[in-house]
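Open your viewer and get ready to click along. We'll stop at a few places, one selection at a time.

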Amino acid sequence: MQGTFGQVEFVPLPPRFADRVRWGSVVVGCSMIAGMVLLFGLTTYLQGIVHGHAFPDTLLGKAAAVLPPLGVLAIAVLVLTCRRCLRGDYLVVASAQATRSALRFTYVLTLALILGSFAVPLVFRVWRDSPELQAPDLLTTFSTLAFATMGFLAGICYVRPSVQTLRKYSDHPIW
């Protein structure tokens with residue numbers, strides 16, 4: 001099943017799955033980027049209505065508002081690069097492993113950023129217009145978590161397909 005050419009190891013993929021990786025990574029990556037931009041715009045608009053300005057007053061609050069969407073955008077860029085792991089209908093193992101490691105690292109970092117953005121308003125006062133601590137923005141928190149998880153799972157599926165997935169897309173019983 002596996003072949004080598006020089007120092008690069010290749011794994012053959014069913015042609016339909018290779019097409020799915022080529023087009024699916026573009027669709028998922030671009031959708032994640034557009035969705036995060038729209039979600040961030042909606043969040044800043046709603047915060048502007050509630051507090052009179054879009055971003056928190058403290059630097060820590062601003063970082064908690066901006067960093068998790070940037071983590072999701074990084075995952076979206078990695079999903080877009082999944083198509084670079086293909087050479088024709090073959091998966092380049094070294095590129096796939098590097099992309100998989102980058103996806104894992106970015107996903108864990110994004111989860112930490114989401115948890116931090118959830119905890120910052122509970123621990124610190126980030127808006128000056130209210131004397132007490134406020135609850136975190138649950139819409140942004142859970143939407144960002146959903147975007148990050150969906151992008152991570154799609155990217156992992158593209159660079160490390162299961163045998164069941166390969167059988168599903170295969171025209172030949174080699175899988």
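Is Gly41 buried, partly exposed or exposed? Select Gly41: its relative accessibility is 31%, so it counts as partly exposed (buried is under 20% relative accessible area, exposed over 50%, partly exposed in between, with a 1.4 Å probe and protein chains only).

A quick note before moving on. This is a predicted model, where local features need pLDDT of at least 70, side-chain atom pairs count only at pLDDT 80 or more, and totals for chains, interfaces and linings use all residues. Residues are numbered from 1 along each chain as its sequence is written, and side-chain values use heavy atoms, leaving out hydrogens and water.

Now select residues 15–51, which make up helix α1 (helices are DSSP runs of H or I, at least four residues, numbered from the N terminus). Gly41 sits in this helix. From first C-alpha to last, the 37 residues of α1 reach 53 Å, close to the expected 54 Å (1.5 Å times one less than the number of residues).

Click Gly24 next: α1 bends there by about 30° (the angle between axes fitted to the seven residues ending there and the seven starting there). Then go just past the helix to Gly52, which takes a positive phi of about 90°.

Back in α1, pick Tyr45. Tyr45 is exposed, with a relative accessible area of 55%.

Terms used. Helix = DSSP H or I, 4+ residues; strand = E, 2+ residues; numbered from the N terminus.
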